[in-house]
Amino acid sequence: MKNQGIHKALEKVDWRKRAYFMRKFQIRTAKNAHILAMSDEEFLQWADRRSFTVFHNWEQTDEYFEMYMKYMKLKMQRDLETVYDIVSEKAKQGDEKAVKLFLQLHKDMAQLQKSMNRAQTKQAEVQEDEDDDLEI
């Protein structure tokens, strides 16, 4: 579910690179447990490669960086949810520091949402301006 974005992005990548990425970051699916458990040698044999050079070179590309950033965004979202749940529970129990942090998290999230809304509005306005220039 939450990894759906990374799975969709990885669909566009060569199957060997996809398997390498999923193995490197231990991204599980219903069908890849055997790949995640492979030793380096077993993986290279399975992927029909002599070394990891092609994969290490791929790590220097924009394509890999895009996949990595999507993965990290999802990872940070999950971590934020976990932290939020912990802070929320401690705040409900009366932990004074947790209450302050909880309130600060809400304030920060509200500001972030406002910024995102402004950016989306501005992007929509730019799109409308570009559409106005079209001649029919």
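Of the 136 residues of the protein chain, 23% count as buried, where buried means under 20% relative accessible area, exposed means over 50%, and partly exposed lies in between (1.4 Å probe, protein chains only). The structure is a predicted model, in which local features need pLDDT of at least 70 and side-chain atom pairs count only at pLDDT 80 or more, while totals for chains, interfaces and linings use all residues. Residues are numbered from 1 along each chain as its sequence is written, and side-chain values use heavy atoms, with hydrogens and water left out.

The overall dimensions come next. The radius of gyration of the protein chain is 22 Å, whereas a compact globule of 136 residues would have a value near 14 Å; the radius is taken over C-alpha atoms, and the globule rule is 2.2 Å times the number of residues to the power 0.38. Along the principal axes, the C-alpha atoms fill a box of roughly 65 × 55 × 25 Å. The protein chain exposes about 10,700 Å², of which carbon and sulfur atoms supply 53%; accessible areas come from the Shrake-Rupley method with a 1.4 Å probe, and for residues only the protein chains shown count as cover.

The protein chain contains seven helices and zero strands. Its pattern along the sequence is accordingly written α-α-α-α-α-α-α. Helices (H or I, at least four residues) and strands (E, at least two) are DSSP runs, numbered from the N terminus. Among contacts between residues at least 6 apart in sequence, 48% join residues at least 24 apart, a contact meaning heavy atoms within 4.5 Å.

Leaving aside residues up to four places away in sequence, K17 touches F55, W58 and E63. K17 and W58 are 41 residues apart in sequence, and their C-alpha atoms are 8.1 Å apart in space.

Charged side chains give a further view of the structure. The protein chain has 24 positive and 25 negative charges, and their mean positions are 8 Å apart. Lys and Arg count as positive and Asp and Glu as negative, with His and the chain ends not counted; the place of a charge is NZ of Lys, CZ of Arg, CG of Asp or CD of Glu.

A search of the whole structure finds four salt bridges, each being a side-chain nitrogen of Lys or Arg within 4 Å of a carboxyl oxygen of Asp or Glu. One of them joins the side chains of R23 and D40, at 2.8 Å from N to O. Because R23 lies in helix α2 (residues 15–24) and D40 in helix α4 (residues 40–46), this pair ties together parts that are 17 residues apart in sequence. R23 is buried, with a relative accessible area of 12%, whereas D40 is partly exposed at 39%.

Another salt bridge is formed by E59 and K24, whose closest N and O atoms are 3.0 Å apart. This pair links distant parts of the chain, 35 residues apart: K24 belongs to helix α2, and E59 to the loop between α5 (53–58) and α6 (62–92). K24 is partly exposed, at 39% relative accessibility.

E96 also forms a salt bridge, with K100, and here the closest N and O atoms are 4.0 Å apart. The two residues are four apart in helix α7 (residues 96–132), so about one helical turn separates E96 from K100. E96 is exposed, with a relative accessible area of 56%, and K100 is exposed at 57%.
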